[in-house]
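Student: I would like to go through this structure one question at a time. Please show it first.

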Amino acid sequence: MAFRGVDYLLIDSQLSPQELLVRQTARRFVDERVLPLMRDCFRDARFPRELIPEIGELGFLGANLHGYGCAGMSNVEYGLVMQEVERADSGLRSFISVQGALVMYPILEYGSEEQKLRWLPLLQSGKAIGCFGLTEPDFGSNPAGMRTRAEKDGPEWILNGEKTWITNGTVADVAIVWARTGEGVRGFLVEKGTPGFTTSDIHGKWSMRASVTSSLSFADCRVPADGMLPCAKGLKGPLACLSQARYGIGWGVLGSAMDCYQTARSYTILRKQFDDKPIASHQLVQAKLADMITEITKAQLLALHCGRLKDAGKLEPAHISMLKRNNVAIALDCARTGRDLLGANGITDEYPIMRHLCNLETVKTYEGTDHIHALVIGERVTGIAAYK
Ligand SMILES: Cc1cc2nc3c(=O)[nH]c(=O)nc-3n(C[C@H](O)[C@H](O)[C@H](O)COP(=O)(O)OP(=O)(O)OC[C@H]3O[C@@H](n4cnc5c(N)ncnc54)[C@H](O)[C@@H]3O)c2cc1C
């Protein structure tokens, strides 16, 4: 059945006809092309790669970037796309986030004209896939400690080190790799097949099973001088990319939360217990549904306001921390509550809630954990950094 949206507070009235059209396009694509695949993809731990050309044609890759074939959507339109995609599965949304915010964005912001002309049209259309290597086995929340190094050797850079938990790693044609150099952290474009660059997949995940997650290894891997992003200097380069991705996550998880809410609402109206009465007629069940719709509505307002701020050039990283942290937390709560309301049926993949719940555990951790975003907000309101 087509998804009709979750809009308790008439928030749609705040969206322009163009924004509604973009959302409707994404919604139809998700209902018709994505949802029929997702349960089996998750079950089989398979990334639905066959969807990439269509996702590219719809303009969803690097959707809010401008030029070089990108769709040039507003940030609210882009957020609505992410919401619809994550309504199907956080893994597919992760693919789109990485490709747009963590690969195309740094090339557009920090790349040379040659790098932009070579890679952006390929990445936008989905003819090439990218990945973003920042996390290392010993440095997750604190990427400043990274050990991966790049040494200059004549006209080349030699990379040595390890990256792990990298979305799209083994399927990527190009990796954006962040490494320590004599002049601070710099970003490198490392192409698939470069000698000394190897990848392997991480197996045994109970979360993000429809997404590829990999480790990258660099052993005397030689990258030509023009493979370095010329305008990214220091850790603020990768951190700015993460801000772009976190913004999209803040919208995306609303999709998971809405799907959990709708599934639980429909189920509790149909399911009967005690005197043949729907379980939705019990006060305790209604209180849970009331909590879910209230938190979703507050999170929708937060996302929309952040989107309007971003379109006005006023959204700051500390704002994005609140958006990401809050919206992931409420989505997880909705998934847990929804699972509970479905009773035993809630643990099967006949319903999407348990899959969302498993995926959201990753979304809580990646792109800055809940704790780290609490510390960003704490620093903003006290002026005191408490990370160490
Ligand atoms: C499926 C998946 C996909 C991913 N994709 C990518 C990707 O594409 N590219 C990439 O670079 N990375 C990726 N990551 C990695 C992700 O960004 C890291 O897992 C994340 O940054 C957390 O790092 P960690 O796992 O090492 O946890 P840790 O940093 O070890 O943290 C463990 C716990 O300690 C807490 N903690 C740590 N420091 C503090 C502190 N100062 N104060 C309070 N609490 C603290 C954390 O909040 C967390 O609860 C991915 C991860 C997953 C699971």
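Student: How far is a nitrogen atom of the ligand from an N or O atom in the side chain of T167?
Tutor: The model is a predicted one, and the distance is computed from its atoms. Polar contacts are pairs of N or O atoms within 3.5 Å. For the ligand nitrogen and the side chain of T167, the distance is 2.8 Å.

Student: What share of the ligand's area does the protein bury?
Tutor: Start from the ligand taken alone, which exposes 970 Å². Of that area, the protein buries 68%.

Student: Which element gives the largest share of the shell around the ligand?
Tutor: The ligand sits in the largest pocket. Strand 3 (156–167), helix 9 (353–365) and helix 10 (370–382) each give two or more residues to the shell. The largest share is 3 residues, and the element that gives them is strand 3.

Student: Is S94 buried or exposed?
Tutor: S94 lies in helix 4 (residues 90–110). Beyond its neighbours within four places in sequence, S94 is in contact with T167, M208 and Y366. Its relative accessibility is 3%, and the limit is 20%, so S94 counts as buried.

Student: Where is E367, and what is its phi near?
Tutor: E367 is in the loop between helix 9 and helix 10. At 12% relative accessibility, E367 counts as buried. Its phi is positive although the residue is not glycine, and the value is near 60°.

Student: Why is Y68 called partly exposed?
Tutor: Y68 lies in the loop between helix 2 (52–57) and helix 3 (75–88), and its phi is near 55°. Y68 is called partly exposed because its value is 25%.

Student: Which residue has its backbone oxygen 2.8 Å from a polar atom of the side chain of Q300?
Tutor: Q300 is in helix 7 (residues 283–311) and, at 8% relative accessibility, counts as buried. Not counting residues up to four places away in sequence, Q300 touches V6, I11, L254 and M258. The backbone oxygen at 2.8 Å belongs to V6.

How values were computed. Residues numbered from 1 in each chain as written. Predicted model: local features only at pLDDT ≥ 70, side-chain atom pairs only at ≥ 80, totals over all residues. Heavy atoms only, no water. Helix = DSSP H or I, 4+ residues; strand = E, 2+ residues; numbered from the N terminus. Buried < 20%, exposed > 50% of the residue type's maximum accessible area, 1.4 Å probe, protein only. Polar contact = N/O pair within 3.5 Å; in protein donor to acceptor, adjacent residues only side chain to side chain. Contact = heavy atoms within 4.5 Å. Areas by Shrake-Rupley, 256 points an atom, 1.4 Å probe, with all protein chains shown as cover. 1 Å grid on protein atoms, 1.4 Å probe; cavity = no way out; pocket = protein on both sides within 12 Å on 5 of 7 lines; lining within 4 Å. Sits in = over half its atoms within 2 Å of the grid points.
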